[in-house]
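Please look over the sequence and the model below before reading on. The paragraphs after them move from the whole chain to single residues.

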Amino acid sequence: MQNQNDQSRMDRIVSLAKRRGFIFQSSEIYGGLNGFWDYGPLGVALKRNLKDAWWHDMVAGHDELATLTGAPSPYEMTGLDCTIIMHPQVWKCSGHFDLFHDWMIDCRESKRRYRYDHLHGRWAAHRGKKVFVTTDASGDEAAPETVARAQKFFGLRAKQVDEIEWGGGLESLQQAIAAGSATLADTLGPDATAPGSLTAPREFNLMFETRIGALAGDDDDRAFLRPETAQGIFVNFKNVLDTSRVRVPFGIAQVGKSFRNEITPRNFTFRSREFEQMEIEFFCKPADSAAWYRYWRDRRWKWYLDLGLTAGRLQLREHAADELSHYSVGTADIEYAFPFLAAGEFGELEGIAHRGDFDLRSHMEGKLVRKDGELVVETGPDGKPRHKGSGKDLSYFDDITRERFVPHVIEPSAGADRATLAFLCDAYHEDEVPDEDGKPRSRTVLKLHPRLAPIKAAILPLVKKDGMQEVAIDLYRALKPHMACQYDEKGSVGRRYARQDEAGTPWCLTVDGQSLADRTVTLRDRDSLVQQRVAIDEVVDLLRDKLS
Ligand code: GAP
């Protein structure tokens, strides 16, 4: 079902994000660069708060002595910060070099390029003429788009649209071709005027390539920008084991940039070409891995809820067996109903994957493939490994049980940009509040969790006289060492509240005439709009308590 309201809500969110300095298009003054985004003053704070919350909750604040709810045992957490460009062999053994591709398809007529799996179509016929009409529009826009395209193709007027005979509903072009129910020769490309202009689908590796060194030239100098942060963790597994006192089970976390040359970046920052990931590789005993998988799936799900994402817009989806990667024993996605999606559709925020021993073994032995249900080293025509591993021993010796094994890995892999976008969308509200004269005024407010809010408190002198500024500045200076806060004396107090509401600031502290008499201020709550008087000397403790 078409979700017009949500699409127009998304447009207003994008407009607020630009207007208030959350997110800008990269290189905007030169016309922008598709798939690349910059975070403005408020956006950088929001995204940093999100990453800090993740790092604190998963790593720095983790209690390694406690058995957390649902965890099979206590565990340790540590971190890494690896390079974006790594040895090219890393990507050969991980499988990205051979397998990290999407299928793309070009249109000879329009010169446009599409992701094969993004094209949908259906048969349309009119007076003996038949064509498989396709579109790259997604969700609810797709079906009306094929009607408009068929109308144009058959040269019909609007009132003749009903004369078109449809051969069923929309289906994936990829599946229709595979099933033989459509051919490329009969297919009208999404921007073409005649059928048969789409090329055969081709593989397109999503890794960005670069060259290392001044004399770079031949294939041996080719390097890649990492498409995930995870591999830096696997190749440092032994370094971490040898240099810290961690014992299995333990996790290594990393936050950092990843790059994917997406064929069709879309939906604001949702699918970007440069983005940040927050990944954990959790190493455990093979026998305990199923229990740890369940623990991490539930733990990560709860994290989003605790930070305020609306439960009704979140979904935890276990992958069906045929959806699993060749190495995966189990995967669940945490998904969010983004407003740009059709009703009932969800977009992935994070994947939690049980990866078995695939990654550590790949970096020991060489690129693995599944053969007869077993993971074996892939060999070339000469019988040698297609991509040779490091040969280093990445097994683990448990000196208590005297067992040696290759740990299994559970990987909660989240996107910082997607999560930022989800929190932004979820926080966006439009409501009515009384203005200074008690009249209802419409407002736009970001109901962000205080931990995520870019500014925690605003300090506002009611007027710029009678010593109110001085009291407000003193309060600002008392609060600033403890949290991000802002002093604002410009405009009416109503306008200042409105500015802070749009920025998602949870608390406003107003210094007025009474403050000078009894050293109290008004504390206004963004969401409930309740205003209470609090002692100036208690403000710091009060807000710190609320934040924790
Ligand atoms: N190491 C596993 C891995 O990278 P993934 O599902 O490909 O798994 C993990 O990526 C997360 O990274 C996704 O759930 C998403 O949040 C984020 N992500 C992936 N591709 C992205 C893109 N093009 N733009 C923004 N975020 C992306």
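What follows describes the chain as a whole, then its strand pairings, and then a number of individual residues.

This is a predicted model, in which local features need a pLDDT of at least 70 and side-chain atom pairs count only at pLDDT 80 or more, while totals for chains, interfaces and linings use all residues. Residues are numbered from 1 along each chain as its sequence is written, and side-chain values use heavy atoms, with hydrogens and water left out.

The protein chain has 15 helices and 30 strands, where helices (H or I, at least four residues) and strands (E, at least two) are DSSP runs numbered from the N terminus. Its C-alpha atoms fill a box of roughly 85 × 80 × 50 Å, taken along the principal axes. Of the 548 residues, 50% count as buried; here buried means under 20% relative accessible area, exposed means over 50%, and partly exposed covers what lies in between, with a 1.4 Å probe and protein chains only. Among contacts in the protein chain with a separation of 6 or more, 65% are between residues 24 or more positions apart, a contact being heavy atoms within 4.5 Å. The chain carries 74 positive and 84 negative side chains, and the centres of the two sets lie 3 Å apart. In this count Lys and Arg are positive and Asp and Glu negative, with His and the chain ends not counted, and each charge is placed at NZ of Lys, CZ of Arg, CG of Asp or CD of Glu.

We turn next to the pairing of strands. Strands of a sheet pair through backbone hydrogen bonds, either parallel or antiparallel. Three strands form an open sheet in the order β5-β4-β11, with antiparallel pairing; two strands are taken to pair if DSSP finds at least two bridges between them. Because β5 (113-115) and β11 (202-205) stand at the edges and each has a single partner strand, one side of each is left without a neighbour in the sheet. The twist averages 45° from one strand to the next, with axes fitted as lines to C-alpha atoms (for helices, over the stretch in contact) and angles running from 0 to 180 degrees between N-to-C directions. Strand β4 (residues 101-106) pairs with β5 over three bridges in the antiparallel sense, and M104 stands opposite R115 in β5.

Is E262 buried or exposed? At 8% relative accessibility, E262 counts as buried, and, leaving aside neighbours within four places in sequence, E262 is in contact with D102, R115, L206, R271, S272 and R273.

A further antiparallel pairing joins strand β24 (residues 428-434) to strand β25 (residues 440-446) over seven bridges. Within this pairing E430 stands opposite T444 in β25, and in the hairpin, which has five residues between the strands, G438 takes a positive phi near 85°.

Some backbone geometry deserves attention as well. Most residues other than glycine have a negative phi, and most peptide bonds are trans. R127, in the loop between β6 (120-126) and β7 (129-135), has a positive phi near 45°, and R127 is exposed, with a relative accessible area of 70%. L529 likewise has a positive phi, of about 65°, although it is not a glycine; L529 is found in the loop between β29 (520-525) and β30 (531-535) and is partly exposed at a relative accessible area of 27%. A cis peptide bond with omega of about 10° joins V248 and P249, and P249 is found in the loop between α8 (237-243) and β14 (250-259).

Two more residues complete the tour. S515 lies in helix α14 (residues 513-518) and counts as buried at 1% relative accessibility; apart from neighbours within four places in sequence, S515 is in contact with T510, T520, V521 and R533. E165, by contrast, is in strand β8 (residues 165-166) and counts as exposed at 56% relative accessibility. The C-alpha atoms of E165 and H126 are separated by 6.3 Å, although these residues are 39 apart along the chain, and E165 touches W123, A124 and A125, not counting residues up to four places away in sequence.
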